[in-house]
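Here is a friendly walk through one model, written for someone who likes to check geometry against coordinates. Have the viewer open as you read.

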Amino acid sequence: NEGRPYILFFSAIYTYKNHLGLIEAYKRAIAVEKNLPELLIAGFNVDKAYFKRISNAMDDPALGGRARYIGALSNHEIASWLHHAALNIFPSLCETNSLVQSEIIGAGGAMACSDIPPMNEIAGIAAELFDPSDPDSMAKAICNVCCNADRQQELRKASTQRALELTWEHCADIA
């Protein structure tokens with residue numbers, strides 16, 4: 001992203017991933033905090049009809065072109081994008097077991113995610129939590145992390161610690 005800070009949502013395009021809720025939350029966040037990094041959405045465009053709605057939402061003049069889709073990331077790019085994001089956001093409304101969250105944690109990324117299981121369970125202390133059905137809650141989490149370098153570093157450190165807890169060996173010991 002040419003060295004500029006960014007907020008990243010990396011996930012396939014499906015309705016339950018809550019892209020539209022995120023875009024609304026981001027719009028509310030930039031209305032309060034004008035200097036937030038731009039919002040980048042990355043992932044496979046699986047649901048074409050939903051993607052059209054996402055594109056229309058990103059065209060909202062209130063966003064000023066600060067939200068955009070960057071396409072799918074190649075396997076060798078993913079860790080770098082996740083690590084360098086000012087914030088990785090994961091606003092999904094439901095999941096079974098989020099591999100993307102594990103990738104964010106493994107990359108030492110700063111994360112904000114849904115406060116519902118299993119997202120909050122996977123993240124542990126390594127995420128700023130928000131209500132994914134409440135754009136104001138999500139906007140607050142975006143601002144809390146992006147406007148506070150200390151919080152970003154705290155989340156990165158917590159990700160590194162959480163990664164140690166999510167090893168195959170550790171999970172086997174718990175089981």
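Predicted model: local features only at pLDDT ≥ 70, side-chain atom pairs only at ≥ 80, totals over all residues.

Let us begin with helix α1, which spans residues 19–32. How do α1 and α6 pack? Their angle is about 60° and their axes lie 8 Å apart, and the two helices are therefore oblique to each other. The crossing of α1 and α6 is right-handed. On the α1 side the contact is made by Gly 21, Leu 22, Glu 24, Ala 25, Tyr 26, Arg 28 and Ala 29, while α6 brings Pro 135, Asp 136, Met 138, Ala 139, Ile 142 and Cys 143.

The contact of α1 with α2 holds six nonpolar residues, one polar and one charged.

| Helix pair | Angle | Axis separation |
|---|---|---|
| α1 and α6 | about 60° | 8 Å |

**The nonpolar core**

In soluble globular proteins, nonpolar side chains tend to be buried together. In this model the largest nonpolar core has 52 residues. Which residues have the most contacts inside this core? They are Ile 7, Leu 8, Phe 10, Leu 39, Ile 41, Ile 89 and Ile 142. The largest share of the core, seven residues, comes from α6. Ile 142 is also one of the α6 residues in the contact with α1.

Leaving aside neighbours within four places in sequence, Ile 7 is in contact with Tyr 26, Pro 37, Glu 38, Leu 39, Leu 40, Leu 87, Ile 89, Ile 142 and Cys 146. Tyr 26 from that list is also among the α1 residues that contact α6.

**Backbone details**

Two spots deserve a look if you check torsions. The peptide bond joining Pro 117 and Pro 118 is cis, with omega about 0°. Pro 118 sits in the loop between β5 (111–114) and α5 (119–123). Asn 18 has a positive phi, near 75°, although the residue is not a glycine. The loop that holds Asn 18 lies between β1 (6–10) and α1. Is Asn 18 buried or exposed? With 8% relative accessibility, Asn 18 counts as buried.

**Two more residues**

Ile 122 belongs to helix α5 and is buried, with a relative accessible area of 9%. Not counting residues up to four places away in sequence, Ile 122 touches Asn 97, Ser 98, Gln 101, Ser 102, Ile 105, Arg 162 and Leu 166. From Ile 122 to Ala 149 there are 27 residues in sequence and 23 Å in space, C-alpha to C-alpha.

Ser 80 is found in helix α3 (residues 75–84), where 39% relative accessibility makes the residue count as partly exposed. Ser 80 and Gly 109 are 29 residues apart in sequence, and their C-alpha atoms are 9.4 Å apart.

How values were computed
Residues numbered from 1 in each chain as written. Heavy atoms only, no water. Axes fitted to C-alpha atoms, helices over the stretch in contact; angles between N-to-C directions. Helix = DSSP H or I, 4+ residues; strand = E, 2+ residues; numbered from the N terminus. Parallel < 35°, antiparallel > 145°, perpendicular 65-115°, else oblique. Left-handed = near helix turned anticlockwise from the far one by under 90°. Contact = heavy atoms within 4.5 Å. Core = buried A, V, L, I, M, F, W, Y, C linked by side-chain atoms within 4.5 Å. Buried < 20%, exposed > 50% of the residue type's maximum accessible area, 1.4 Å probe, protein only. Nonpolar A, V, L, I, M, F, W, Y, C, P; charged D, E, K, R; others polar.
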